[in-house]
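The following note is written for a colleague who meets this structure for the first time.

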Amino acid sequence: MSLWDRLFRTRRLEARLDAELRDHLERQAADYVRSGLPVEEARRRAHLDLGGLEQVKEACRDARGTRLLEDLGQDLSYGLRVLRKSPAFTLVALLSLALGIGANTAIFSLVDSLILRSLPVRDATSLVRLQHGSWTNPIWEEIRDRQHDFLAGAAAFSADRFDLASGGEVEPVEGLFASGSFFEVLGVPAMLGRTFTLEDDHPGGGESGAVAVISYAFWQRHFGGAADAVGRTLALNGIPFTIVGVTPSSFFGPTVGSSYAVAVPIGMVDRVRHAPAGSRLDGRTTWWLDVLGRLKPGQSVAEATQALRLAQPQIREATMPERRHPRDLEEYLREGFTLVPAANGFSEIRGEYERPLLTVMAVVVLVLLIACVNLASLLLARANARRHELGARLALGASRARLLRQLATETLLLAVPGGLLGLALAGWGSRILVGQITGPGGPASGAPVSLDLSLHWRVLLFTLGVTLVTALLFGIVPALRAGRLSPRDAIEWRRRGLTGEGPGALGGPLVVTQLALSLVLVFGAGLFLRTFASLAYRDLGLESDGILLVNLDAQRSSVRPEQRAALLARAEEAVGAVPGVARAAVSFMNPVSGMGWNESFEVEGVPPPSGRDRVSWLNAVSPGWFETYGVQRLAGRDFDGRDRSGAPFVAVVNQAFARRFLGDRSPIGRLLRPGGPSGAMPPRVIVGLVEDTVYRSPRDAMEPIVYVPMAQGMDGDEAWPFATLGVRSAGGSPSLLTRDVAAVIAGVDPAVSLSFRVFSEQVGASVMRERLMAWLSAFFGGLALLLAGIGIYGVTAYGVSRRRTEIGVRMALGAQAAAVVRLVLGRSFTLVALGLALGTAASLWLSRFVAALLYGFEPGDPSTLAAAAAALAGVGLLAAGLPARRAAHIDPARVLREG
Amino acid sequence: VSEARTELPQGTLDLLILKVVALGPRHGYAIAQRLQQISRDVVKVQQGSLYPALHRLENRGQLAAEWKPSDTGREAKFYRLTPKGRARLKAEEADWRRLTEAVALILAARAET
C-alpha cells in the first residue's frame with residue numbers, strides 16, 4: 001500500500017477496514033452459535049468481545065500513520081467554514097496581520113539590502129577594506145606596488161558623477177574611478193567585452209587610450225542593450241571614452257545604496273575632472289580613494305593587517321604630505337593601517353540610516369506584537385464563545401491533542417494568508433521607503449538611492465519566521481485554555497454567567513500589555529515628530545524660500561582658472577538682469593548642502609580658543625550674497641566692488657565667530673590670521689558682522705563662519721572650479737526660472753555645466769531622515785492607538801455582555817445608570833492605568849536608545865510623555881465608554897425575562 | 001473460560017502476533033483464536049487492541065496482507081510474515097528469553113544472610 005493509496009484512497013481503506021472487522025464479528029458470532037447460544041445473543045457477545053467498533057476503527061486509523069495529514073484536510077475545511085462564518089473577525093485579523101507582517105518584511109528587506117547582504121561578487125567574505133575613509137592616490141600606489149606582501153590582491157575606487165552632456169545643463173550619470181585590478185580583485189567578469197587590465201590604468205590612459213566599462217543597467221538604458229555597444233564612444237565630462245565591456249546585471253558597484261553606470265580607470269581622473277595633470281594623481285593631501293583587498297586563502301583579517309603594518313613605515317614615508325605642521329606629520333606616520341571585513345561592501349548611507357532603520361525595525365516589531373495581542377484577545381473571546389462546541393467534542397471522545405491541532409490549523413489559516421498579503425504589501429512599501437531616503441553625496445547632490453530589493457532568500461525566510469512566530473503568539477493562549485477545558489466545565493459554564501470574571505479574565509493582562517506597548521510607540525512618534533518639527537521650523541538664519549540654486553562647474557570652460565572669479569561675476573550679472581529675478585549672488589559653498597570648507601583662525605591681539613575650537617567654517621561669497629539669502633548684517637559693511645584681488649584682504653564674520661574668537665568684543669577692524677602653519681590664507685581685516693546661519697545641516701548648532709570675497713579667495717589653478725549661484729525670484733516659483741537662467745549663462749560661456757535645485761527643496765532634503773522617521777513613527781503610533789482602542793473596546797464590551805444578567809439584576813434592585821457605568825468603567829480604568837504605568841517605565845528606558853536621532857530636547861522628555869499618555873487615556877476612555885453607555889441602557893425587565 | 005487470566009506485558013502483543021503468523025498466513029479472527037488456544041486461555045488478547053496492532057505491523061512492513069477467499073465463502077484479509085517481520089521476531093524472541101531467564105534467576109535466588 002503506497003503512501004498515495006493511504007492518503008487519497010481512504011474511502012477504499014475504510015471499506016476494507018469495515019469488511020475485516022465485520023468478518024471477525026461474524027466468525028466469532030458463528031462460533032458462539034455453534035457452542036449453543038441463540039443468534040441474537042451470539043452477535044451481542046461478539047460485539048462485546050471486540051469492544052466499541054468505532055474505537056477499534058479509530059485505533060486502526062491511527063495505526064495507518066497518515067493520520068495527521070488526513071486530519072489536516074478535515075481541520076482545514078472546518079477552519080475555513082468557521083472563518084467564513086465570521087467575516088468581520090476574519091477581515092480585521094487578516095488586515096492587522098498583513099499590515100504587521102508587511103511592515104516587518106518591508107523594513108527587514110531594507111535592513112537586509114543595506115546592512116546584512118554581501119556584495120554580489122565572488123567569495124565576498126574574503127574581501128577587506130582599508131579602514132577609516134579615503135586615501136590619497138600616492139598611498140594607493142604604494143599599496144598597489146607591495147600588495148602581494150600582505151594580500152592576494154588589492155584594488156581602489158572612488159565614486160563620482162560624470163556629465164554626459166557637453167556644456168549647459170548637466171546630464172549626470174553615476175561614475176566610478178576604478179583601479180586596473182578592480183574587477184579582477186572583486187571577481188566580477190565582463191558579460192560582454194572585457195573589464196579593465198593593469199595596462200588600462202596609467203595616468204592619462206593606457207595603450208588602448210581612454211577606456212570605460214559600463215553597467216548592465218546603463219547598457220540597457222543608454223544603448224538599448226545593443227550588442228555593438230562595446231567599441232562605441234561615450235563622452236564623459238566632454239572627454240571621449242571607448243567602451244570596452246559590460247558587467248553582469250547582478251553587479252551594481254562596490255557601494256551599497258547606489259548603482260554605478262560608467263567606470264573609468266583611476267589614471268583618467270585629472271583629465272575627466274579637467275584638472276591640471278597630476279593634481280589628483282599626485283596630490284598627497286587629496287583623500288579620495290577607497291581601498292579594498294582580497295585575503296590570501298586561509299589568511300585572517302588580523303594576519304593581513306599585521307602584514308600590512310610591516311610595510312606601513314615605507315608606505316607612509318613615501319607619501320608624506322607637503323606643507324604640514326611637524327606635529328601633524330608625526331601623527332601621519334604613526335597612525336596604523338587597519339583592514340576590516342568588507343563582505344557587505346561600502347556605503348555612505350549605511351552610516352546615516354543604520355540606526356534609524358534599526359529603530360523603525362523595533363517599532364514595527366512592537367506593532368506586530370500589539371496586533372498579535374489584539375488577535376489573541378479576539379481569538380480568546382471567540383474560544384470562550386466556542387467553549388460549548390469544544391466541550392461537546394471532548395465529551396464525544398475527541399482527544400485534547402486533536403482539538404489543539406484544530407485550533408492551530410485555524411490560526412495558520414489566518415497567519416499564512418496574512419503573511420502572503422504582508423509580503424505583497426512589503427514589496428510596495430519598501431520601494432516607497434527607498435524613495436524617501438537621502439541619496440549619497442548629501443542633500444545637494446540629488447543622487448538617487450538604489451537598493452536591490454528583489455526578494456532575497458533571507459527576506460523570505462524572515463517573513464516565514466515572523467508569520468510562524470506570530471501565529472504561535474496569538475494562537476497559543478486560546479489553545480492553552482482549550483487544553484485545560486474539561487467537558488463538564490464547558491457545559492456548566494453556560495449556565496454560570498451571573499457574576500464573576502470567568503474565563504474572560506485573561507483579557508486583562510493582554511490589554512495591559514497592549515496599552516504599554518502602544519504608549520511606547522505613541523511616545524516614540526511624539527519624539528520623532530517633535531524632532532522633525534524643531535528641525536523643519538528651525539530658524540536657519542536665512543530665507544530659503546524663493547531661491548533657485550544654480551550649481552556651476554567651470555572646469556570645462558576655456559577660461560583660465562585665475563579668470564574664473566570674473567567669469568562667475570559676469571554670469572551673476574547676466575542672471576540678475578533676467579526678468580523675474582530679484583537678485584542673484586555667487587558663493588563657493590552653498591549653505592545646508594552637507595558640504596564644508598574650514599580652516600583654523602586666530603584674531604590678532606586676542607588669545608585664541610584652544611585646540612579644535614580654533615577651526616571655523618569658511619565661505620567665499622560675492623557682494624550682495626547676504627542680501628540675496630536674507631542674512632541680516634549687524635555691523636560694518638558688505639563686500640563691494642572695491643574688494644578685488646590686489647586690494648587689501650577683507651573678511652566678514654558671523655556672531656558665533658565673534659562670540660568664540662573675540663568674547664563678543666566688536667570684530668570690526670580687527671586682523672584675522674589663519675591659525676595653522678599652512679600659509680594658504682593671507683591675513684584679512686574684518687569689515688563686517690552678520691547674524692548666525694546654519695552652515696552644513698539644520699541638525700548642527702550655529703557655528704562660527706568666516707566669509708571672504710569671491711574676488712579675493714583662492715588663487716592660481718585651484719580657484720573656484722565650481723560655485724553656486726543663488727537666484728532670488730521676484731515673486732514667482734523659482735523653478736520657473738531655470739530655462740531663462742540656463743540660456744543666459746550659455747550666453748556667457750556655453751562650456752560651463754549647470755545643474756538646478758530649488759533651495760527650499762534642498763533644505764527639505766537635508767531633514768529627509770527626520771521627516772521619514774516622523775512619518776513612519778506617526779503612522780505606526782496611530783496604528784498602535786487604533787489597535788489599543790479596539791483592544792479596550794473588545795474587552796469592555798465582552799465584559800458587559802457577560803455581566804448582562806448581573807447588571808440587569810442590579811438595575812432591577814434599584815442601581816442608577818451612573819452606578820452601572822462606574823461598575824463597567826472601573827475595571828477598564830484599572831487596566832488603562834496599569835498599562836500606562838508599565839508603558840511609561842518602558843518608554844523611559846527605551847528612549848535612551850534613540851537619543852542620537854533626536855534634536856532639541858532630552859530623550860525622556862516629560863511633556864511628550866505626558867501628551868502620549870493623555871492621548872492613550874483619551875482613546876481608552878472613548879473605547880471603554882461606548883460599551884459602558886450600552887450597559888446603562890440595559891432593560892432589566894428583558895434581562896430578567898430571558899434569564 | 002479460565003478465571004486466572006494474565007494481562008499481557010506492554011509490547012509483547014507484537015511478538016505473539018508475529019510468532020502466530022510465522023506458522024502460516026491467517027486472518028485476524030484466526031490469529032485471535034490461535035493465541036488463546038496456544039496459551040491455554042491464560043493469555044486473553046483484548047480483541048480491540050489486536051486489529052490496531054495488526055495494522056501497525058502491516059504499516060511497518062513486518063506483516064503483509066492479502067484479501068483471499070476463505071472457508072466462509074467470503075473474502076478475508078490474510079496476514080503473513082515478511083522477511084522484515086521474521087527478523088524482528090527473531091530479535092524479540094531472543095530478547096524475551098534473556099529477560100525471562102534473568103527474572104527466573106532473580107526469583108529463584110535465596111535470601112543471603
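**Notes on the predicted model**

1. Glu174(A) is buried, at a relative accessible area of 16%; buried means under 20% relative accessible area, exposed over 50%, and partly exposed in between (1.4 Å probe, protein chains only). Its partner is Arg161(A), with which Glu174(A) forms a salt bridge at 2.9 Å, N to O; a salt bridge is a side-chain nitrogen of Lys or Arg within 4 Å of a carboxyl oxygen of Asp or Glu. Arg161(A) belongs to strand β2 (residues 153-163) of chain A and Glu174(A) to strand β4 (residues 172-178) of chain A, so the pair ties together parts that are 13 residues apart in sequence. Arg161(A) counts as partly exposed, at 28% relative accessibility.

2. On the basis of the model: this is a predicted model, in which local features need pLDDT of at least 70 and side-chain atom pairs count only at pLDDT 80 or more, while totals for chains, interfaces and linings use all residues. Residues are numbered from 1 along each chain as its sequence is written, chains are lettered from A and ligands numbered from 1 in the order in which they are written, and side-chain values use heavy atoms, with hydrogens and water left out.

3. Chain B contains four helices and three strands, in the order α-β-α-α-β-β-α along the sequence. Helices (H or I, at least four residues) and strands (E, at least two) are DSSP runs, numbered from the N terminus. Of its 113 residues, 38% count as buried.

4. Within chain B, Glu58(B) and Lys77(B) form a salt bridge, with the closest N and O atoms 3.1 Å apart. Glu58(B) sits in helix α3 (residues 47-59) of chain B and Lys77(B) in strand β3 (residues 75-81) of chain B, so this pair ties together parts that are 19 residues apart in sequence. Lys77(B) counts as buried, at 9% relative accessibility.

5. Where chains A and B meet, 21 residues of chain A are in contact (heavy atoms within 4.5 Å) with 19 residues of chain B. Glu20(A), His24(A) and Arg27(A) supply 36% of the area that chain A buries against chain B, more than any other three residues. The area buried between the two chains is about 1,800 Å², and carbon and sulfur atoms give 52% of this. Buried area is the accessible area (1.4 Å probe) that two parts lose on being put together, summed over both.

6. The rule finds four salt bridges across the interface of chain A and chain B. Arg27(A) pairs with Asp71(B) in a salt bridge whose closest N and O atoms are 3.1 Å apart. Asp23(A), Glu26(A), Arg27(A), Asp71(B) and Arg74(B) are linked in a network of salt bridges.

7. Asn104(A) is part of helix α6 (residues 87-116) of chain A and counts as buried, at 1% relative accessibility. A polar atom of its side chain lies 2.8 Å from the backbone oxygen of Gly100(A), and the side chain of Asn104(A) also reaches the backbone oxygen of Val364(A) at 3.1 Å. Leaving aside residues up to four places away in sequence, Asn104(A) touches Met361(A), Val364(A), Val365(A), Leu368(A) and Phe462(A).

8. Over all chains the structure holds 40 salt bridges. One further pair is Arg144(A) and Asp145(A), at 3.3 Å, N to O. Arg144(A) counts as partly exposed, at 27% relative accessibility, whereas Asp145(A) is exposed, with a relative accessible area of 58%.

Key: Polar contact = N/O pair within 3.5 Å; in protein donor to acceptor, adjacent residues only side chain to side chain.
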